[in-house]
Amino acid sequence: MTAQTNTHKQTIINSEDAFKNIVSHAKEYGFVFPSSEIYDGLGAVYDYGQLGVELKKNIREYWWKAMTQLHENIVGIDAAIFMHPTTWKASGHVDAFSDPLIDNKDSKKRYRADVLIEDYIAKIETKIEKEVEKAVKRFGENFDEKMFRTTNPRVLEYVKKVEEINIRYKTALEKNHLAEVKQIIEDCEIVCPVSGSRNWTEVRQFNLMFSTQMGSVADDAGTIYLRPETAQGIFVNFLNVQKTGRMKIPFGIAQTGKAFRNEIVARQFIFRMREFEQMEMQFFIKPGTEMEWYNYWKEARMKWHNSMGFSQNKYRFHNHIKLAHYANAACDIEFEFPFGFKELEGIHSRTDFDLKNHEQYSGKKLQYFDVEENKSYVPYVIETSIGLDRMFLAVLSHAYKNESLSDGTIRDVLQIPPFLSPVKVAVLPLVKKDGLPEKAREILDSLRFEHYCQYDEKDSIGKRYRRQDAIGTPFCVTVDHDTLTDNCVTIRYRDTMQQDRIPIATLSTVVEKKVSLKNALKNLH
Ligand code: ATP
């Protein structure tokens, strides 16, 4: 058995460049393309390429199985994108699904007013953390962080400022007092990141739903909406599933699918798209048990994220300052993207808001008869809602590394968790002759029923390794002349670049151990 290791370190670059590199890497290797690119693209709409579609499918499958297969009381559905227009009246989207927007008169750039304020608050919070870091260095082991946070005058000043803005901002949003929102932006002296000026327009509300016409004759045509969330497809099917599946509360319904929002500011690649995919689960519970289940799902979802194997510091909970019209508790799981901590998933206690409203608008009872309680009630709901595209970006941005190797070369590598990698194994004959391609194809054929594999015989072996590193393939298997006699191959590991010689007969087990979704799910359970 030969073993070869290579020392390597990551090249340090600033986060803006890091993000640009990720976007261009995603395009160069067939993960994500701008939509209709030959016509110069369409704003905030993207297509997934040949490898992107595999990674996306694997993430979806991991979420789906973790939700449905691991929970006896959660089942899935696939509702249509088009829904009866009254759905969106009942859900509150027609009247209230809007964002406050503001324009900078000099740069002509449009922003979400709430995001400008939240980013400003985040900057102050970063300053607090910097003060704490400095103090840790200064005081060393004797440092009492709690004491420092509650007594240091500068920290206290920052905390007070954050609290003041939060209170003003929350009240302004609750009362839909848009002039006050603008006043906060002015009082905080928030400038446009592009022009640097404070020359702002008034704040206006903008509804995010896309509408279209259904029906062939213009007169008959009714306005319908492209769903802005998948959740409503679950609510309107609540009784269908409960009755036909004989589901007992507590139980959940999961769904993945497209959602559409006419986002005002759609930047940051696939983080904020106008057409995107959600993975949502609505958990129906007895009223009064919502905090217990809310906490359960917060923990369960964080566990799912942590199972990716990224550092736990990459995630944090963020409680909502302003609760949506339907929620009595809500938080986000935020992930540290290259452009900072941002929402990846929302966990919301939605009360009975949705089912009650659908009862009212449809005139149909949406209640559950609780045998133990001997009464009917409208269940409460805990929702977990994650954007598949944002999860994809989280995986990609964490996985992408530009490493300087000890031999002076640089490699791009995607350290995707192996069970999510698009290609699991690349089988590479050392040369294109002497029966090596045939032997390599034989190995490929033994693996392809289990895993998505690639065969590559072009270019030097070093170049082929680099190509596989760049798309995140965890294993390269090289077939050389000795393979024909000793039935062994060289297996190369993506992250360490270590190479081992192993019998072909053990290959499947070695690969399976690392890449199987089954093992990832077992660790979750
Ligand atoms: P944000 O505050 O970033 O606009 P949101 O609070 O409106 O997000 P939710 O309505 O809670 O988002 O949607 C649930 C999840 O769907 C989000 O956590 C996110 O992962 C995803 N999502 C929402 N909007 C988009 C979008 N425009 N593009 C991609 N993913 C999105």
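A salt bridge here is a side-chain nitrogen of Lys or Arg within 4 Å of a carboxyl oxygen of Asp or Glu. By that rule, this predicted model has 40 salt bridges. Here's a quick look at a few of them, and then at the ligand.

**Ground rules**

- Numbering runs from 1 along each chain as its sequence is written, and side-chain values use heavy atoms, with hydrogens and water left out.
- Since the model is predicted, local features need pLDDT of at least 70 and side-chain atom pairs count only at pLDDT 80 or more, while totals for chains, interfaces and linings use all residues.

**Salt bridges**

- Glu277 and Arg60 pair up through their side chains, at 2.8 Å from N to O.
- Glu277 sits in strand β11 (residues 275-285) and Arg60 in helix α2 (residues 52-69), so this bridge ties together parts that are 217 residues apart in sequence; helices (H or I, at least four residues) and strands (E, at least two) are DSSP runs, numbered from the N terminus.
- Glu277 is buried at 7% relative accessibility, whereas Arg60 is partly exposed at 24% (buried is under 20% relative accessible area, exposed over 50%, partly exposed in between, with a 1.4 Å probe and protein chains only).
- Lys65 is partly exposed at 22%, and Glu61 is partly exposed at 31%.
- Asp459 and Arg467 make another bridge, at 2.7 Å from N to O, with Asp459 partly exposed at 41% and Arg467 partly exposed at 29%.
- Elsewhere, shared partners link Glu229, Arg350, Asp354 and Glu383 into one salt-bridge network.

**Around the ligand**

- There are 17 residues around the ligand, and Glu263, Arg272, Met273, Glu343 and Leu344 come nearest (a residue counts if one of its heavy atoms lies within 4 Å).
- Polar contacts (pairs of N or O atoms within 3.5 Å) include a polar side-chain atom of Glu263 at 2.8 Å from a ligand nitrogen.
- Arg272 puts a polar side-chain atom 2.7 Å from a ligand oxygen, and Leu344 uses a polar backbone atom, 2.8 Å from an oxygen of the ligand.
- Taken alone the ligand exposes 590 Å², and the protein buries 86% of that (Shrake-Rupley areas, 1.4 Å probe).
- Strands β11, β14 (340-351) and β17 (380-387) each give two or more residues to the shell, with β14 giving the most, at 5 residues.
- By residue type, the shell splits into 5 nonpolar, 5 polar and 7 charged; Asp, Glu, Lys and Arg count as charged, Ala, Val, Leu, Ile, Met, Phe, Trp, Tyr, Cys and Pro as nonpolar, and the others, Gly among them, as polar.

Technical notes: Polar contact = N/O pair within 3.5 Å; in protein donor to acceptor, adjacent residues only side chain to side chain.
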